[in-house]
Structure formats: C-alpha cells, structure tokens
Amino acid sequence: MLGMETPSVTTEVGELLRRGERALEADGDLRAGREWFDRAYRAAEQECDGDGMARAALGLAGLWVHEHRSAPAAALLQARLRSARTAVDPGSSLALRLKARLAGEADYVAGESNEILAVLEEVKRAGDPVAWAEAASLAHHCLLGPDHGGQRRALAQELITEGFRTSRRSDLLMGLLWRTVDLFLDGDSHAQRGLADLRSLLAERDHLAVGFVLDAIDVMLRIRAGRFDEAEERAAACAQRGELAGDADATGWYTAQLGAIRWYQGRVAELLPVLRETVHSPTLSAVDNALVAGLAVAAASAGDQREAAGALARLRGRDLALLQRSSSWLVSMYGIVESACLVSDVESALAAYALLTPFARLPMTASLAVACFGSVQHALGVAMLTAGEPERAVTHFRAAVRDNLALAHWPAVALSRARLAQALAVLGHAAEASEERAAATREAADLGMALPAAPERPAGRVTCRRQGKHWLFALGGRSVLVEHSVGMGYLATLLDNPGYELSAIDLAAGPGVTAATTSSQPVLDPAATSHYRKWLATLEAELDEHEANHDDGRAERVRSERDWLVGELSAAAGLAGRVREFTGVEEKARIAVGKAIRRALTRIAAADAVIGDVLRDGVQTGNRCCYRP
C-alpha cells in the first residue's frame, strides 16, 4: 500500500504525480486524480519542488474548466495555481500551462473568453503541443454559448490533430468529444457519427469522464425518441457513473434530464421540491441558469405564480441581455419563455424573443448536449403567442415542426404541432387547427406524452362596460374591475366589434374617427406637436426605467400621466389628423396600439387570470387588430 512506502520525498512526489496523471489522463477518473494530485502538491510544497507543485496543481484543476464548484475548493485551487506559477521558470512550458489554466478559470466564471484566447495564441507561438492542447480545450469550454459555433469547431479539429502529437490519451479523446458536442449543439444531422468514433475508442479502454458525457448524450437521444421510461432509467445510471468519475455535473445533469422527461410527460410540476433544493446546490456551474428557469416553469405549472415570478425576476436581473451566454443559455431562455407564457408576462416574453431570434436555426440543448428541448423556433412561437401575435407564432411553429422532425425529436414535434394548432385557432383557422391538433394528439399518444391542455374556461365571449374611471370585464359568471388606460379603451372597441378587424390607425384615432377623416378637434401647431412629442418621449423613458427597477408605484404614476397625454394628443389631432403626415405612421400606430393593448391584457390577467388568458388568446394585434372569441 502507498501509505506504507518510505521512499525519499523527491521519489514520492514523482510517484504520486505519475499515479495522478494515469488516473486523470488515461482513465478519466477525476476523483482518484484529485486525491493523488492533492498528496503530490502537499509533498512537493514541503520539498520546495516548484515543478512538482506545478504539475500537481494542473492535475488538480482536472480536464474541464470550473471542476471545483464550492467557494472554498475554488479558492484553494486558485491559490495553488498561483503559488506554483511563482515557483517555476517564467519561460517554461509549465508556466505557460499554469497561465492558460488561470485564464480559462477566470474567463469561464465571468462568461468571457478573451483572456484564454490571448494565452492560446501565446502558447501556439511557443510550439509546445501539450500546452497548446490544454489551452485549446480550456478555450473551447469557454466558448460554449450559441455565438461561437464556428470558432469551437475549428478548435476541436485542431485538438484532434494535436492529440496525436502529445501522445496523451486524454487530448485525443477531448478533441473527439468536443467535435461531437459541437455537432449536437449545432443540430448537425451527422452528430451521432462522432458518438460511434468515441464508443469504439472507449471499447478498447474505458475513460470515466468522457464515458460519462457519452452516457448523458445517450439519455438525451432516448428522450428525443420518446422512450421516456428507458431514458429515466439510463439517466439514473448515468448520474451514478458521474459520481464515480467525480464529475461535479452529475447532479445538475440528472436534474436537467429528469426535467426534460417530466416536461414532455406533462408532469413538470412534480419536480418543484427537487428544483427548489437543487438550484442552491454548490455543485452547479457558476454560469448555469437552466435550473432556475426550470424552477420558474415548474412553479408556474403548479399554479404558484409568486414563486414563478420571483424566479423570472432573478433571471432577468437588470437586463435579460446580461444573462451569461453559457452552454445552457438557450435552455434557460426557453424556460423564461414558457414560464412567461404561463404567468402572462408579456415583457419577459418579448425580451427573450429579441435575444433568441438570431439563433432560430439551433436546437435548445443543455450543457454538453445532455438534454434537448427542440428547435429555438418553438420558443419564438411561444413568445409570440404570449405577446398576442398569433400570425408570427404560426410562422415560427411551422418552422419548429420542420426543424424538430430533422432532429428526430418526436416529443418536440408533437408539442410544436399542438402549439401550432393553438395559434391557428386564435386566428380563426378552425379546420387547419383541428387537423394539427389531431396529428399532435396521435403522435403524443404513441409516445405516451401529455400535451398541454387548454385551460378550462367559461363559454361565451368577454364583454366590458365603462364604470367611471374603471372598466368591468365579464365572462360567464366571472367579472373583474380594472382601472382605465388607453389600452383598455382599445380593448373595449375590439370587444364591442367581435370578429371585425380594425386598423391600428383607426383604433388610435378613437371611436367614430376613421383614418380617412379629419379630426374635428383643432389641429396642434408644429411647435405644440414637438413639445408634446418630447414630453411623451421623456415619460416613456421614465416608465422604462421605473419598470426595469421594479418600482411599481412610480411606474404607475408615470403610466397614468403618459396615458393621459396620449389621450389628449389623440383628441387634439389624432392619427387621422396632422400626425398622419409623419413618415411610418402605420408602423408607429401598430407599435403604440400593440404595446397599450398588451399592457392592458397584463393588468387584466393579474386581476383575473381566466379572463386575462381568454382575452390574450382571442385578441390579435398588428397593423389590423381583432377580437375573435
């Protein structure tokens, strides 16, 4: 046994390092490697062996970035890497490798890649294949967001080539693994070929760390195939392998996979207790927000609007655009969209839509392709449904069905068809909606999955009438009183004319005034118009600021002043008067009326979710607006 050996300290350090490197590089045993390297570091430190400290610290860092998740463990690793760097020759290969690891760790946690990419160029100029292979793998890990697909693929291909030069088994395996992961993240139809290459290499000799990732991808593929029971069984076994390998992602990946299974089974609310606990686990990556998004969806599905809204606010922060673009960013954004839909949060849905649009062609894949929720087009469609834009939603859902078919993601195909049917129904295309819903129902039944059921709602159409400074909305035996705003007035006009399309310009002009008539009120002179426009712009800016800071009191006061001013402008000139001479008036009307109606719908839904949902499904906005019960 090792504890009984009594060699000299120098011999002991060398033996400990050899055992650690064999465990890490050849066997992929992260846990055993850490144990050997920890002992090696302490022995080398005692001996003042700088090279031994450096090799041990690099080994302790492991194969991945951010393996040490808890604050104490991460701080200890940082301290050892820095101490080792001061103890070696600044011009040595070990110094470069330490510099690369420190840069990679810092960049990953910050959601950046500039520092590690700069070090990678420095290492490349040095011509050291081992140092370059390590730096390239670290850089790849820092580029897992959806923005850097091409850069990642180039790095992975170079790493495969360098893997033959370094003679280290782990370098070749990591290159092949990164290439395979890249193909899955890009939705490439040949992604599974990479799995076959890796499986053949692991058949000769296992590698726990790489094998864990392959098992996790295998679970994802079973979920895509709709084999839920088999996937759940494999997910549990995969998590055990991850624990055996000492991989910090074992818990997070298992929870994500179980979340995907339950989502398509229509049972995601069951995971609420698990997610409440797991989102605070120190084993989660510092840049992974997918489980928080999952918590928002589970809470909203369980009817806990407060917890769902809190999780959404946690994700949005000051600005949703600041959410780090990690490997799970697309899945996080999808969770935001679905939970926003469930709690009628139009603002969050629209913010997510704007950010997701550039990545419409990609699949929503978590981490190293361990869970997949189908095409980004589906999330875009849900966002447009939430925003009351069913025509745009139909376009996205059609694309989602096509893309999910290409992915062979059968549960996602069924779900996108169901959503497509919902959007078509809102548009009044009853025959096509019925056809799509029937197809989705058949596909779901074959897979044993549950489609989202349409909420139980009272029959009939929503009606409204003015009561002083409020509007009374009624549906069946339900009613709700909501304070007046410009958007409430627009809604009242639509509800009084069910099934009849009105242009946004006519709505903005007000009852009894059409786009072809001249306002009966005195037209504002240019100076007054300019003054009021500046005043309105100032109020809009203040409103955005208060809403971003969640200052509801001030936001409501500014909103009331803004609504009053818009009303005065409409009465004095209206879009039927002088204002129509400005360029792009139709587009301005579409935006202004759409925003006002969506704000009104959000306020109604907050007061009565059933009436709010019925209105949101029945009201169409755009250049032409309509209420179709």
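Trainee: What makes the pair Arg-152 and Asp-186 a salt bridge?

Mentor: The closest N and O atoms of Arg-152 and Asp-186 are 4.0 Å apart. The rule asks for a side-chain nitrogen of Lys or Arg within 4 Å of a carboxyl oxygen of Asp or Glu, so the pair is called a salt bridge. The pair links distant parts of the chain, with Arg-152 in helix H8 and Asp-186 in the loop between H9 and helix H10 (191-204), 34 residues apart.

Trainee: Where do these values come from?

Mentor: This is a predicted model, in which local features need pLDDT of at least 70, side-chain atom pairs count only at pLDDT 80 or more, and totals for chains, interfaces and linings use all residues. Residues are numbered from 1 along each chain as its sequence is written, and side-chain values use heavy atoms, with hydrogens and water left out.

Trainee: With which other residue does Arg-152 meet in a salt bridge?

Mentor: The side chains of Arg-152 and Asp-182 meet at 2.9 Å, N to O. Arg-152 is in helix H8 (residues 149-166) and Asp-182 in helix H9 (residues 169-185), 30 residues apart. Helices here are DSSP runs (H or I, at least four residues; strands are E, at least two), numbered from the N terminus.

Trainee: Are Arg-152 and Asp-182 buried or exposed?

Mentor: Buried means under 20% relative accessible area, exposed over 50%, and partly exposed in between, with a 1.4 Å probe and protein chains only. Arg-152 has 2% relative accessibility and therefore counts as buried. Asp-182 has 0%, so Asp-182 is buried too.

Trainee: How many salt bridges are in the whole structure?

Mentor: The search finds 44. A network of salt bridges links Glu-25, Arg-97, Glu-134, Arg-168 and Asp-171.

Trainee: How many aromatic pairs are there, and what makes Trp-64 and Trp-178 one of them?

Mentor: The count is six. The ring centres of Trp-64 and Trp-178 are 5.8 Å apart and the planes stand at 85 degrees, so the pair is edge-to-face. Rings of Phe, Tyr and Trp (its six-membered ring) pair if their centres lie within 6.5 Å; planes under 30 degrees apart count as stacked, over 60 as edge-to-face and the rest as tilted. Trp-64 is in the loop between helix H3 (50-61) and helix H4 (71-86), and Trp-178 is in helix H9, 114 residues apart. Trp-64 is buried at 5%, and Trp-178 is buried at 0%.

Trainee: Why is the pair Phe-212 and Trp-253 called stacked?

Mentor: Because the planes are at 20 degrees, with the ring centres 4.8 Å apart. Phe-212 lies in helix H11 (residues 208-224) and Trp-253 in helix H13 (residues 250-265), so this pair ties together parts 41 residues apart in sequence.
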